[in-house]
6 protein chains.
Amino acid sequence: MTTGLYIGRFQPFHLGHLEAVNHILSHVDDVVIVVGSAQHSHTTENPFTAGERITMVRLAMREANIDPGRLLIMPLPDAEFHKVWVAHILSQTPEFHVAFTNEPLTGRLLKEAGLRVEKLPFHHRETYTATEVRHRMLTKGNWEELLPGSVSKYIKSIGGVERIIDLSLSDKAS
Amino acid sequence: MTTGLYIGRFQPFHLGHLEAVNHILSHVDDVVIVVGSAQHSHTTENPFTAGERITMVRLAMREANIDPGRLLIMPLPDAEFHKVWVAHILSQTPEFHVAFTNEPLTGRLLKEAGLRVEKLPFHHRETYTATEVRHRMLTKGNWEELLPGSVSKYIKSIGGVERIIDLSLSDKAS
Amino acid sequence: MTTGLYIGRFQPFHLGHLEAVNHILSHVDDVVIVVGSAQHSHTTENPFTAGERITMVRLAMREANIDPGRLLIMPLPDAEFHKVWVAHILSQTPEFHVAFTNEPLTGRLLKEAGLRVEKLPFHHRETYTATEVRHRMLTKGNWEELLPGSVSKYIKSIGGVERIIDLSLSDKAS
Amino acid sequence: MTTGLYIGRFQPFHLGHLEAVNHILSHVDDVVIVVGSAQHSHTTENPFTAGERITMVRLAMREANIDPGRLLIMPLPDAEFHKVWVAHILSQTPEFHVAFTNEPLTGRLLKEAGLRVEKLPFHHRETYTATEVRHRMLTKGNWEELLPGSVSKYIKSIGGVERIIDLSLSDKAS
Amino acid sequence: MTTGLYIGRFQPFHLGHLEAVNHILSHVDDVVIVVGSAQHSHTTENPFTAGERITMVRLAMREANIDPGRLLIMPLPDAEFHKVWVAHILSQTPEFHVAFTNEPLTGRLLKEAGLRVEKLPFHHRETYTATEVRHRMLTKGNWEELLPGSVSKYIKSIGGVERIIDLSLSDKAS
Amino acid sequence: MTTGLYIGRFQPFHLGHLEAVNHILSHVDDVVIVVGSAQHSHTTENPFTAGERITMVRLAMREANIDPGRLLIMPLPDAEFHKVWVAHILSQTPEFHVAFTNEPLTGRLLKEAGLRVEKLPFHHRETYTATEVRHRMLTKGNWEELLPGSVSKYIKSIGGVERIIDLSLSDKAS
């Protein structure tokens with residue numbers, strides 16, 4: 001059995017992330033989805049808590065009818081320093097065989113530690129980004145079209161857009 | 001839908017823990033199983049990494065034919081101080097409605113924060129403890145009878161008993 | 001008896017802060033004045049130590065003839081993460097009934113935790129800011145008119161203006 | 001004007017501590033009372049939060065009619081390491097001229113840093129200790145005779161004795 | 001015997017640093033070379049690990065025929081806060097009598113703690129900077145002329161230029 | 001060229017440690033001597049600062065006429081968790097080829113990470129221990145016979161025995 005690793009901050013989880021999970025599951029038997037920077041929330045870059053982001057991933061997986069037996073979804077706080085990050089993630093996750101990432105530093109650190117790394121074939125990479133989603137939330141744009149329906153609904157139920165607007169005001173005031 | 005919370009260190013996961021999960025699933029729709037003290041490993045009290053302990057829980061769940069759609073298994077490092085622990089766990093987990101625990105401090109902190117707490121009806125509480133399992137490992141006793149078969153097999157595959165013996169030698173030498 | 005909470009960094013304590021304390025004391029019986037980001041000093045944004053800032057607050061209170069029996073002045077280091085900040089402050093302060101703040105994130109976190117929050121009616125909000133005071137110190141402007149006399153005198157006695165100039169040089173060099 | 005420093009954990013604040021404050025105030029003009037190990041609570045050695053301990057000190061000072069203008073009561077978390085502890089406390093407190101302590105390590109660290117240290121003339125040193133108070137709470141002894149009346153009353157109002165009993169059970173179970 | 005202190009991040013160690021060491025050794029008997037911000041690596045500002053930077057310093061010292069008996073080369077992680085930094089460095093280094101630095105904050109903190117500080121007479125200060133070296137690495141400029149030959153060779157042997165380019169891509173993507 | 005690694009706490013550095021260094025230098029070209037638990041000092045188990053312990057090692061090396069060109073002596077604070085410790089040490093030290101240790105946990109962690117580990121042939125292992133040295137200091141025994149002469153002399157010059165006695169009193173009082 002082959003296990004893949006997929007790390008993201010998911011602020012919030014969008015359709016590009018869902019596409020990545022589907023791509024990974026077509027190459028491996030099961031996948032560990034790591035919700036990174038788990039300690040952060042309530043900042044403009046990281047508005048949602050790890051618990052909220054795990055909820056988003058689970059909702060998206062259910063909506064897409066992905067078998068829960070093929071998934072492990074878990075939070076991971078940042079390691080204190082880059083050079084211990086790979087040891088940190090290896091100690092917190094079940095064994096995996098290949099990591100999927102397009103992030104140059106993440107890929108480099110995993111490769112320097114001798115692990116196998118594959119790139120992800122994102123379509124429309126400029127549009128399906130969490131930065132774009134948060135930008136549209138702040139400017140009253142159509143952010144919902146970038147997200148699975150159940151994730152949009154959840155974000156509205158917890159007042160997520162209002163939170164992001166408040167955080168941007170705090171940022172300007174400081 | 002009702003969600004339960006179950007926290008343990010699972011050093012290692014034994015049949016008493018499995019009984020607790022079954023009890024909880026007879027009362028709630030799904031359960032968040034939190035692998036606590038996730039940062040620790042390679043000590044006499046905490047020999048296994050969080051990743052290894054998550055693996056044990058998943059193996060035990062599969063062996064017991066528990067529906068993976070009703071489970072979320074995740075690691076959680078300790079909070080720095082007791083009084084922020086509840087805020088810490090609330091930020092890292094999806095929403096839950098009731099926590100199951102027999103540990104007095106855990107129960108007190110959750111109740112002081114206004115959360116609902118239920119006790120667990122452990123049978124044979126003296127025998128089915130992780131302390132007893134580790135003690136039998138050190139003294140060549142029958143530790144395997146206390147664990148699900150798949151967990152015993154996994155521990156042997158990673159040299160877990162040898163690790164615990166090594167750690168006890170280190171403890172004496174320091 | 002009603003207790004209010006007032007949090008600031010006080011880098012340095014100026015006449016706008018004094019006005020806020022007077023406003024609060026006209027609404028509650030006593031006030032806990034929390035000197036936040038207490039761990040920081042010797043940066044361009046946070047030039048003064050918590051001990052120096054507590055000294056400033058005490059001098060300003062004496063100069064304004066405010067009854068010391070109605071005050072508690074204390075340092076508080078930042079919490080590691082936003083979502084545990086409210087639990088952190090609740091564990092370090094005596095019980096309070098209402099928090100006074102205009103800062104959107106602070107207000108949001110306190111309200112999300114179920115606490116009562118009131119806004120402060122600052123006059124001349126652009127002028128009476130610590131940023132403006134530090135700017136005038138760097139540009140040889142009239143910073144003293146923004147501070148209680150005893151605070152200005154104290155800052156000069158510890159070489160505070162020279163420190164801020166040194167720190168701004170360090171910032172450019174790095 | 002001479003300022004004294006008095007550091008304690010005050011778990012809880014008892015009549016021996018009150019005697020020490022009175023002794024100090026007969027030698028200096030005002031005193032900084034530092035509630036140490038401020039981050040800890042809910043352990044058998046440190047049952048009360050810093051906020052609760054500050055409340056105890058304030059109640060005891062009011063009951064003893066000590067002028068609040070001569071006091072600064074503040075929490076202080078432990079420094080990470082002994083050799084930076086003196087720098088840590090100097091950065092968090094207003095200037096002081098003499099520290100009062102009978103604790104050998106505290107005295108040594110302050111003296112190694114060139115500060116003036118005086119011993120405290122505790123009477124009945126075996127009886128008036130926080131350890132003895134907590135022991136009597138656990139064994140249904142007369143703990144109230146060791147505390148100022150207002151502090152006893154406060155501890156009962158927050159269920160302090162029940163908390164200490166719960167914590168001792170947790171300790172045995174772990 | 002007089003001992004000097006020389007602190008730098010050495011990202012990477014260049015000819016300006018070598019000139020500084022020679023200057024210091026003409027004024028004192030031996031020197032403690034502290035590789036600062038030792039915990040950092042794999043960022044655009046701090047690309048190299050402390051171990052790699054220590055290796056660079058040792059290579060440069062050998063190439064320049066400097067007596068190893070006059071040197072102590074050691075890593076030092078940052079202190080958590082500025083006001084405990086001097087206590088931190090004093091606890092980690094052998095006794096020294098004079099510190100050499102041109103950095104205003106470093107000099108101020110050491111002087112505030114009563115230590116002797118001397119400035120360094122850098123020639124061509126705009127050219128011989130680590131920032132300039134890293135810039136030339138990113139823009140295919142002649143970075144090697146700014147470094148001792150053995151250091152250039154070492155950086156190429158560990159793929160240092162490729163790492164810096166990767167890190168700059170990560171920076172843009174985040 | 002082959003480089004060895006030798007880690008110890010050296011509280012204090014004694015003749016058994018010196019024998020170990022000589023053994024290592026008969027097998028490798030140079031050695032990195034790591035002064036571990038560098039953050040600790042002023043406790044009964046760790047009385048001396050890292051700076052003092054580095055001074056001891058240097059004095060012992062000079063007294064034994066060991067070529068300083070074959071040595072690198074450096075402090076290392078503990079890693080936060082066991083499973084990132086090897087990554088931590090690899091990031092802070094120059095490249096090494098073999099580690100020398102008799103400590104079971106240290107050896108296990110290095111081996112689990114794929115590094116080469118050799119045991120040390122200590123003679124009189126019960127006598128030449130830092131625990132024995134500290135015990136003799138507390139009980140007025142002949143501790144000096146266990147140490148290189150220059151190290152004994154240095155410890156006396158900094159009042160090391162008095163410090164250890166003070167620390168043991170603090171331990172009893174707490």
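Contact here means heavy atoms within 4.5 Å, and the model shown in these views is a predicted one.

**View 1. Where chain D meets chain F.** Let us start with a pair of chains: 9 residues of chain D are in contact with 11 residues of chain F. Together the two chains bury an area of about 910 Å², and carbon and sulfur atoms give 60% of that area. On the chain D side, look for D:Phe81, D:Pro104 and D:Arg108, which lose the most area to chain F. These three together account for 52% of what that side buries.

**View 2. Charged and polar partners between chains D and F.** Across this interface there are 2 salt bridges. In one salt bridge, D:Glu112 pairs with F:Arg163, and the closest N and O atoms are 3.8 Å apart. The count of residue pairs in polar contact between chain D and chain F is 4. What kinds of residue make up the side of chain D that touches chain F? That side divides into 4 nonpolar, 1 polar and 4 charged residues.

View 3. A rotation of 120 degrees, with 0.0 Å of shift along its axis, superposes chain D on chain F. The RMSD of this superposition is 0.0 Å. This is the relation of a three-fold axis.

**View 4. Where chain C meets chain D.** Here the contact takes 22 residues from chain C and 22 residues from chain D. The area buried between these chains is about 1,700 Å², with 53% of it given by carbon and sulfur atoms. In chain C, the residues that lose the most area to chain D are C:Arg58, C:Leu72 and C:Gln92; together they make up 29% of what that side buries.

View 5. The interface of chain C and chain D holds 2 salt bridges. C:Arg58 forms a salt bridge with D:Asp30, where the closest N and O atoms are 3.8 Å apart. Between the two chains, 6 residue pairs are in polar contact. On the chain C side, the elements giving two or more residues are α2 (50–63), β3 (71–75) and α3 (82–92) of chain C. The largest share, 6 residues, comes from α2(C). By class, this side of chain C has 11 nonpolar, 8 polar and 3 charged residues.

View 6. Among the buried residues are E:Trp85, E:His88, E:Ile89 and E:Gln92. What covers the buried residues of α3(E)? From chain E itself, the cover includes β1 (3–8), β3 (71–75) and α4 (104–112). Other chains take part too: the cover includes α3 (85–92) of chain D, along with α2 (50–63) and β3 (71–75) of chain F.

Conventions:
Residues are numbered from 1 along each chain as its sequence is written. Chains are lettered from A and ligands numbered from 1 in the order in which they are written. This is a predicted model: local features need pLDDT of at least 70, side-chain atom pairs count only at pLDDT 80 or more; totals for chains, interfaces and linings use all residues. Side-chain values use heavy atoms; hydrogens and water are left out. Buried area is the accessible area (1.4 Å probe) that two parts lose on being put together, summed over both. A salt bridge is a side-chain nitrogen of Lys or Arg within 4 Å of a carboxyl oxygen of Asp or Glu. A polar contact is a pair of N or O atoms within 3.5 Å; within protein, one must be able to donate a hydrogen and the other to accept it, and residues adjacent in sequence count only if both atoms are side-chain atoms. Ala, Val, Leu, Ile, Met, Phe, Trp, Tyr, Cys and Pro count as nonpolar, Asp, Glu, Lys and Arg as charged, and the others, Gly among them, as polar. Buried means under 20% relative accessible area, exposed over 50%, partly exposed in between (1.4 Å probe, protein chains only). Helices (H or I, at least four residues) and strands (E, at least two) are DSSP runs, numbered from the N terminus. Copies are superposed by least squares on the C-alpha atoms of residues with pLDDT of at least 70 in both.
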